[in-house]
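Please examine the packing of the helices in the model shown here. The paragraphs that follow lead through the helix pairs, a pocket and a peptide bond.

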Amino acid sequence: MSEQAIREHLARVLDWEDAHVGFDKALDGIPPDKRGARAPGFEHSAWQLVEHIRLAQEDILDFCVNAKYVHNMKWPDDYWPGPTPPSDAAWNESLQSFNRTRENVKALARDAKDLTAKVPTGKANQTYLRGILLVADHAGYHVGQIVALRRALGIWK
């Protein structure tokens with residue numbers, strides 16, 4: 001397999017639905033009044049999960065591409081919003097922002113000179129490839145939580 005083919009697979013893993021539901025489908029059709037709902041036994045609402053995925057993805061991408069990156073976010077407080085989106089506009093902007101950043105991560109997969117090179121401010125094992133896989137793995141985990149939450153709330157199609 002060529003390096004370009006590997007890069008395309010790596011870019012596709014960020015939104016494919018070969019083995020599970022993707023981010024877009026998991027969030028499609030959530031009623032506005034359920035975006036902040038928590039089901040019994042679930043710690044987070046759909047809004048919290050969406051924002052958490054978005055914030056982490058943006059932070060990981062920034063870490064990978066910004067030579068002046070400084071980690072200013074406090075764990076876990078800055079990565080988990082309150083349970084309810086402040087507005088429909090905030091919900092929509094979060095989804096759009098996630099999608100824009102995901103496209104930038106895909107571009108990184110396709111265009112990084114050396115996927116195994118250390119990111120600008122990282123340690124030896126903190127490579128572009130690691131960052132891309134971390135974004136995919138993290139989103140996949142939380143997308144599964146969104147689907148389970150929707151089932152528990154009775155809003156899964």
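Helix 3 passes helix 4 in a left-handed crossing; a crossing is left-handed if the near helix is turned anticlockwise from the far one by less than a right angle, and right-handed if clockwise. Helices here are DSSP runs (H or I, at least four residues), numbered from the N terminus. The model is predicted: local features need pLDDT of at least 70 and side-chain atom pairs count only at pLDDT 80 or more, while totals for chains, interfaces and linings use all residues. Residues are numbered from 1 along each chain as its sequence is written, and side-chain values use heavy atoms, with hydrogens and water left out.

Two packed helices are described by the angle between their axes and the distance between the axes. For helix 3 and helix 4, the axes come within 9 Å and cross at roughly 35°. Axes are lines fitted to C-alpha atoms, for helices over the stretch in contact, and angles run from 0 to 180 degrees between N-to-C directions.

By class, the contact of helix 3 with helix 5 has 14 nonpolar, six polar and no charged residues.

Helix 1 (residues 3–12) and helix 4 (residues 88–111) pack at about 165°, their axes 8 Å apart, and are therefore roughly antiparallel. Here the crossing is right-handed. Arg7, Glu8, Leu10 and Ala11 of helix 1 make the contact with Lys106, Leu108, Ala109, Arg110 and Asp111 of helix 4. Four of these residues are nonpolar, none is polar and five are charged.

The largest pocket is lined by 17 residues, with Asp59, Ile60, His71, Tyr79 and Leu134 nearest its centre. Helix 3 gives the most to this lining, with six residues. The lining comprises nine nonpolar, six polar and two charged residues.

Finally, a cis peptide bond joins Trp75 and Pro76, with omega about -5°. Pro76 lies in the loop between helix 3 and helix 4.

Key
Helix = DSSP H or I, 4+ residues; strand = E, 2+ residues; numbered from the N terminus. Parallel < 35°, antiparallel > 145°, perpendicular 65-115°, else oblique. Contact = heavy atoms within 4.5 Å. Nonpolar A, V, L, I, M, F, W, Y, C, P; charged D, E, K, R; others polar. 1 Å grid on protein atoms, 1.4 Å probe; cavity = no way out; pocket = protein on both sides within 12 Å on 5 of 7 lines; lining within 4 Å.
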